[in-house]
Every structure is written in structure tokens, then in C-alpha cells.
Amino acid sequence: MRKIRISSLLYILLMLLAICIFIMPVALAVLTSFKSKPELAKSILSLPATWNLDNYKGAVERSDFLNSLKNTVAVVAPSVVIIVLCSSMSGYTVARHSRDSRALRLLDKVYLASLMIPFQILMIPVYKIYKSLHLLNTLHGMIFMLVGTSIAYSSFLYVGFVKGIPHEIEESAYMDGCSEFRCFWLITFPLLKAISATVAALHTMWLWNDFNIAVILLQKENVRTITIKQFYFFGKYTADYGMAFAAAILSMIPVVACFMFMQKYIVNGIVVGAVKS
Amino acid sequence: MSKKRIIAVSMVLAMLLTGCGSTAATANGTEEAKVEQVGQDTTSAAEEKSSDGEVITLTWLNHYAEAGKQAWVQSVKEQFEAKYDNVVLNIETVDADSHKTILQTKLASDDAPTIFDLSSNADLQVYNEAGYLADLSDFECLANVDAGLLKEGQVDGKQVGIPIELSGYGIFYNVDMFNEYGLEEPTTLSELKNVCETLKANGITPFATPFAEAWAFSCYPRVLYDAVCWNNDGAFWEKLADRSLKFADCEDFKKQMQTVWDFHEYWGEDAFGTSWDSAQQIMANGEAAMIAHGSWAVDGITSYNPDINLGVFPMPVSEDPSECRMIKEPGQQLVLFNYQDERIMEAARNLYNLIYSQDCMRVYAEEAHQMPSVPGDYNILPALAEIVNYPAELSFSEAGLKRNDPEHEDVLFETMMNAYTGSTFDVNELVDALDTAFDNIKK
């Protein structure tokens, strides 16, 4: 009994230590966001003398925060919806029909291969194509690119998940006269809730934080997203960490909220999608 | 089957041809820039037609993220557009790290910005060779710019870039702290040693040393070897690069490298673990009294402590005060893309005339805290004013002199950092290592 108590206590202590370690960077970011530059120079760990919001005001003004937030939402929300819809259908098709179709087996390999191509290699061709199609500095152009670069991985996740769903459910639907498309929407897609939540949450996070694509495609001030505005606080030789952290915290709020809301589906989806039953 | 093979081979060939079709500049190397880009669609980025007349749009790609510099860029835009009805100045600000990549992507995609900045004469040579740069030799604004700095923007007798600022290298110090301990600006190495001893005895770190970052480390030895070796021989780095001169044969260089080590006991506790930001904070807090660095340190340190009183002196290099040199280097240069269109060139000429005017440079000096290339009576930070007004005979201007290319520079600083990281130092080992590294590059 005594042994159990000590081990429980140790477990709690270890968990508390782990929590402190994980919370430390966030806590430092929050503290820094309230400090003036002279305070930052004195100590990184100390509490701010006053909890003033100057950094937040400055960050909102300098980064035109509301406009960049609007742009980010306008780019990320439709992209995530399109990614979930398209990749669920493509993952389903590959998972269910690749056994009979060489082209689908090849498509599966192409998806996998495309994950290994870094965006830097595509940068110049993409820029040229976008310029000729007048898609540069447009939010819909950005959505096309984000969707295009995300479909392969999300389809890959769906393939693993769909393979875990028994055929028999769909077969009984077919016997009742359901077409394949209706069967997918009415029977299979609801069963993909966990992986869809995972794909949606992960891509919300990744697309929200995207820098590489946005820096190339969105060069005009009025279409820039939040991540691109972050560099406004970093000069060649100087940095305004107070404002940078204030802007980072403001921009984190929506994506953290989304992640917390979908957290229980994410772990489930990743585990099920990764293991072939 | 044969049909499928033909289709497969055709697809592979098409992909290969598409991939090889463009030999233009790649994203990560100026060396790959090719002349053939010029002349292709050169008006697209700079020109737009409106229904009721012709509007010329100029694009200025820059990496001026600092609040003061952004204010300057914005004031240029406002003044320019107010003065010329038919011209729009489109500002594209990107972060300093992505600037080169974005510039080269744009150049390779026939979407060149009208004006952009390059940092050195070596860059100008590469871009000029690729045919990207316009000749600015007949621009009226050249008359406003410090003639000494203009040399940095010249390639093959043509003025292809115009510096917008001057940078200075020396020892920046806390004037109030020096006054408190009765110290004066040292002019010899023994005087500098005495200053360091006094500061150390009073619990002050003599030098803030941001050696965790190679570029910041480089400023420290640079204030010594540039002031002596390069000042005495303008082709110093060129000769070392082509190996007609060996480090081992440069007694002056060895002497200066030994001086760096002789002062290592006055560096901070964790010199190679201190970042540039930390070093600025250490200076701003009064934990350290001096820093061997570039003139941007003044703005950086002052931003952490607006009340700090900073001064600057050239690094002593020997026991002879007359050998001290304040190092002056031209900063960023504005270049113009080589448009073949007279209207665009005319609009760009007007823009240059505005940028390089005293009124415009006043904003750059006073809000961005820089030393403009256009001389004038500006209200700049005192330490910067000291650099600008430092006597020419006691200054070393690096304008127009050939410095190391990035490959040699990287090897130089990496080898030096390795040599100074240990607890012992042998100058002969350092110069041998440098000679080996430079020999390897030449091979």
C-alpha cells in the first residue's frame, strides 16, 4: 500500500515536471509579449514590471493584424474543406480499387513520391505558371497551391484508414441498390470522421503556419497572411521580440483553439490511419 | 504495348525538356544567373496600362523590415507618387533571409522588380554579368552621393549600383561607464589593456562578444586585420584568394590574430555561446562596456536602452596611435533592372533622384538611424556622427576594394572560430589551417 502511494507520488511529480517543461516555452512567450525592450534586456525570466499591452497594440498595428487574419482564414478554411473532400474520395478510391487497377496503384506510388519533393524545387516553375495565369498575389491562387501540395499526404492517410473499414458494410448498401458515390457519402464518409478530423486539424495547423509558399505567392501587402507579417519584427540586425511574441500569441489563438477542439479525434485518427488492420 | 512505350518515352522526354528548358537563375545561387533572361518580357513587371491613360508601375523589392526603414520607404513612396501622377511605386518588403531567394525567383520568372538592393560589389559583378543591371552612370543623383562610396557600385567602368548608406566598424563603448572609471578612448594596445583591466577590476565585462554567430564574430578580428593588412594592401584578399600570397607569410596578419587572442581574457564568460541579441542586451544593461562591431550596433543597443550614451573609437592595432583606422564600408546599394524601355528608365531616374536627395535621406538618417550616403546636416545618433566625421586620414574606406567572396569568407571565419574556441591558441596553426583551406578552395 505504502509502495503504491510512493510510486503514485513519483508519477505525479514526474508529470508535473513534464508539464512545467512543456509549458515553459509558452509561458516565456507570454511573459516576453508583455515586456518592454529594456525589461527584456535585463532578464528573460523575470516578470514584466507592468502588464501593459503596448506590444500587442504595436503588433496589431505594424502587422495590420486584422487584415492578415482575414486573409489567413480566407485561405486556410476553404483549403482544409477542399483537402478533406478531395483526399477522402481519392483515398477511398485508391484503397478500394487499387487491387483491380494498375493506374490506381501507380497513383498511390505517385502520391508517396510527391511527398519527397521539397517546395523549393517547385518554386520557380510554380512562380512562372502563376504569373502567366495571373494567380500571383491572389488568395484563390494560394488556395490552389495549398490544396495541391497537401492532397498527397492526406490521401495517404485516408488510404490507410479506409482499408481498416470492412467491405461488408458497403456491400450490403450496394445490395440495397446504392450507387458507389451515394455509398461513399452516406455510408463510408461518416465512418471516416476520426481521420477527417485528424486531416482537418493537422492541415489547419500546417496551412496556418505556412511560410514557404506564402512568401513566394503573396508578395503584395493587402493579401499577406499572418506568418509573412511575422518578419516585420525582425530586421537584418535587430529584432523586436516583445512585439514578435505578441503577434505570435495572437496568431496562435485560433489554431490552438481548433487543435484543442479536435484533439480527441486527432490521436484516434492518426493511430487508426497508420495501422493496417 | 509498343504504343504504351512510345507514350511513356514521350512523357519522359517532355518532362526532361521542360526541366532543362530554362537555364535561368536558380533559387539559391547567383552564379547560375544567365544573360538570356534579359529582354524577355521586360516590361511586364514595370508597366501597366489603364483605360484612361498609361500608368507606369515601378516595383521596389526590399528587405527593410525595421520600423524606421519601413517609415523611410513609405515616405519615398508617398513623395514619389505625389510628385508624379502617372507612376505607381509598388513596395514589396520581404524578410532579409528570403530576400535573395525571392529576388532570384522573380528574375528567373521574367518578373524582375524595377529596383532592388544588393550588398556588395561582388554581387553587382555577378548580376551585371548576367545582364540584369542598368547603367546608372548618367543619373543626376550621383552628384549628391559621397564620391568615395560610389566606387563600390562600379563594375567595368559603369555605375550599376548606388550605395544608400555608410557602415562603420570599430569599438563601440559606454561613454558614461568610461567617465565613471576615469577612462579615456585608448589609442594603443597597452592603453586598451589598461582600460580592460580597470573595467575587469570593477566587475564589468570589458567586451561583449557575440561569437555564437559567425557573422557577428567576424566583426571582432576584422577591426584588426582590415585596419592593418587590407589598409596597407588593397589587393590583400585578392592575393590570398588566388594564393599568390600565403597567410603564413603575412607577419601583420599573424600579429593581429595574436592580438585577438591576447584580449580573450576580457571576453564575456561564454563568448561562443553569446548571440548577437544577448550581446546587445549585455551592453544595454551595463554588464559590458565595449563591443567590436558594425555601426548597426548603435541602433540595436539603443533600442534596448534609449538612455545609453554610446561612443566609438577605432581599434588600437599596435603601440603607435597613428596606425589606428576607423573602418568605413559602403552599405546596401540600390540597383535598377536593365529595362529596355525609355519610359520606365525615365520614371526610375526620377525615383533615384528622389531617393538620393537630402530631404529623403534625412528620414533615413533620423528615423532609420543610418548614415546616409548623401552627405548632409542630419540629426543622427552621436556615435554614428563620430564615424561620419572621423578624419579621412585616420579612416580606411573599403569602397571599391575587392573583398573575399562568400566561399572564402565562410572558410576564413569558420577556421578562425575553431582556433579561438579552445583554451590554447597557436597563431602558426591558425595560418596553416587558413592556407590549407584556401588552397582547397583553389583546387
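**A close look at Asn174(B)**

Modeller: Happy to! In this predicted model, a polar atom of the side chain of Asn174(B) lies 3.1 Å from the backbone nitrogen of Met177(B). That is our starting point, so let's see what else surrounds this residue. Asn174(B) belongs to strand 8 of chain B, a strand that covers residues 165–174. Is Asn174(B) buried or exposed? Its relative accessibility is 8%, and Asn174(B) counts as buried because that value is under 20%. Which residues does Asn174(B) touch once its neighbours within four places in sequence are left aside? They are Met283(B), Ala289(B), Ile308(B), Asn309(B) and Leu310(B).

Now let's step back to look at how chain B meets chain A. Chain B brings 39 residues to this contact, and chain A brings 27. The size of an interface is often given as the accessible area lost when the parts come together. For chain B and chain A, about 2,900 Å² is buried, and carbon and sulfur atoms give 57% of that area. What about charged pairs? Polar contacts are another matter: 12 residue pairs make them between chain B and chain A, counting pairs in which both residues have pLDDT of 80 or more.

On the chain B side, several elements each supply at least two of the residues that touch chain A: helix 2 (67–83), strand 3 (87–93), helix 3 (96–108), helix 11 (276–285) and helix 12 (296–304). Helix 3 of chain B gives the largest share, 7 residues. Sorted by class, the chain B side that touches chain A has 14 nonpolar, 17 polar and 8 charged residues.

Chain A has a meeting place of its own, this time between two domains. Domain 1 of chain A runs over 1–52, and domain 2 of chain A over 63–274. Their centres, taken over C-alpha atoms, are 33 Å apart. Each domain of chain A puts 7 residues into the contact between them. About 530 Å² is buried between domain 1 and domain 2 of chain A, with 77% of it coming from carbon and sulfur atoms. Which residues of domain 1 of chain A lose the most area to domain 2? Ala29(A), Ser33(A) and Lys37(A) do, and together they account for 60% of what that side buries. The polar contacts come to 1 residue pair, with both residues at pLDDT 80 or more.

Within domain 1 of chain A, helix 1 (2–33) and helix 2 (37–42) each supply at least two residues of the side that touches domain 2. The largest share, 4 residues, comes from helix 1 of chain A. By class, that side of domain 1 of chain A holds 3 nonpolar, 2 polar and 2 charged residues.

Let's finish with one more residue in chain A. Val81(A) is found in helix 4 of chain A, which spans residues 65–97. Its relative accessible area is 49%, so Val81(A) counts as partly exposed, since that value falls between the 20% and 50% cut-offs. Looking along the chain, Val81(A) and Leu66(A) are 15 residues apart in sequence, and their C-alpha atoms are 22 Å apart in space.

Conventions. Residues are numbered from 1 along each chain as its sequence is written. Chains are lettered from A and ligands numbered from 1 in the order in which they are written. This is a predicted model: local features need pLDDT of at least 70, side-chain atom pairs count only at pLDDT 80 or more; totals for chains, interfaces and linings use all residues. Side-chain values use heavy atoms; hydrogens and water are left out. Domain bounds come from an automatic or database domain assignment. Contact means heavy atoms within 4.5 Å. Buried area is the accessible area (1.4 Å probe) that two parts lose on being put together, summed over both. A polar contact is a pair of N or O atoms within 3.5 Å; within protein, one must be able to donate a hydrogen and the other to accept it, and residues adjacent in sequence count only if both atoms are side-chain atoms. Ala, Val, Leu, Ile, Met, Phe, Trp, Tyr, Cys and Pro count as nonpolar, Asp, Glu, Lys and Arg as charged, and the others, Gly among them, as polar. Buried means under 20% relative accessible area, exposed over 50%, partly exposed in between (1.4 Å probe, protein chains only).
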